[in-house]
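User: Please take me through the terms used for this model. I want each label set against its cut-off.

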Amino acid sequence: MTEQELSITANDGVVLARQLVRSLAQECRLSLVEQTKLVTAASELARNTLIYGGGGTMTAALISERGRRGVRVAFVDHGPGIEDIDLALTDGWTSGNGMGLGLSGSRRLVDDFLLDSAPGQGTTVTITKWAR
């Protein structure tokens, strides 16, 4: 499927990310509940890309694998990276002023969650929600 990419360098990028993900979720025919979960996770990750990563990009696409349909979204930044991924995925841990539910909460809302990061290397988070 065709990937769509957008830049997340300001708050309007977060809004556009949310809108694009919702559109793809609807096109994939995810249920309203599944759409909401995916859009919520994408919104949080877009915000993280902006705030903690200093901006970056989001790519999103409808996908088809092994006879199932879904939406895959990837967020890439070239920020400071995450020193301790296990700690960052712990509920309640925050590197800023948030509630510490961004990464761990996003992981719970989607079917597949992949986090790749290292100090000084930036961060890539890829999420997938499959149609039921």
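**Sheet, helix and exposed sites**

Analyst: V125 in β5 is the bridge partner of F75. The model is predicted, so local features are given only at pLDDT of at least 70 and side-chain atom pairs only at pLDDT 80 or more, while totals for chains, interfaces and linings use all residues. Residues are numbered from 1 along each chain as its sequence is written, and side-chain values use heavy atoms, without hydrogens and water.

User: What makes β3 and β5 a pair?

Analyst: Two strands pair if DSSP finds at least two bridges between them. β3 and β5 (residues 122–130) have eight bridges, in the antiparallel sense, so the pair meets the definition. Another position in β5 is W130, which stands opposite G70.

User: How many bridges join β4 to β5?

Analyst: Seven, and the two strands run antiparallel. F113 has I127 in β5 as its bridge partner. β4 and β5 form a hairpin with three residues between them, and G120 in that turn has a positive phi of about 80°.

User: In what order do the strands lie in the sheet?

Analyst: The order is β1-β2-β3-β5-β4, in an open sheet of five strands with antiparallel pairing. β1 (4–8) and β4 (112–118) are the edge strands, since each pairs on one side only. From one strand to the next, the twist averages 15°.

User: What does α2 touch in the sheet, and at what angle does it run to β5?

Analyst: α2 packs on the sheet and touches β1, β2, β3 and β5, and its direction makes about 175° with that of β5. A contact means heavy atoms within 4.5 Å. Axes are lines fitted to C-alpha atoms, for helices over the stretch in contact, and angles run from 0 to 180 degrees between N-to-C directions.

User: How do you know what span to expect for α2?

Analyst: The expected span of a helix is 1.5 Å times one less than its number of residues. α2 has 20 residues, for which 28 Å is expected, and its first and last C-alpha atoms are 28 Å apart.

User: Which residues of α2 are called buried, and what do they pack against?

Analyst: Buried means under 20% relative accessible area, exposed over 50%, and partly exposed in between, with a 1.4 Å probe and protein chains only. The buried residues of α2 include L38, V39, L45 and L50. The buried residues of α2 pack against β1, α1, β2, β3, α4 (102–109) and β5. In β5, eight of nine residues are buried.

User: Why is R29 called exposed?

Analyst: The relative accessible area of R29 is 69%, so R29 counts as exposed. R29 is in the loop between α1 (11–27) and α2 (32–51). Its phi is near 65°, a positive value in a residue other than glycine.

User: Is R66 buried or exposed?

Analyst: R66 is exposed, because its relative accessibility is 73%. R66 lies in the loop between β2 (56–65) and β3 (68–77). R66 is not a glycine, yet it has a positive phi of about 50°.

User: What counts as a helix or a strand, and how many does the chain have?

Analyst: Helices (H or I, at least four residues) and strands (E, at least two) are DSSP runs, numbered from the N terminus. The chain has four helices and five strands, in the pattern β-α-α-β-β-α-α-β-β.
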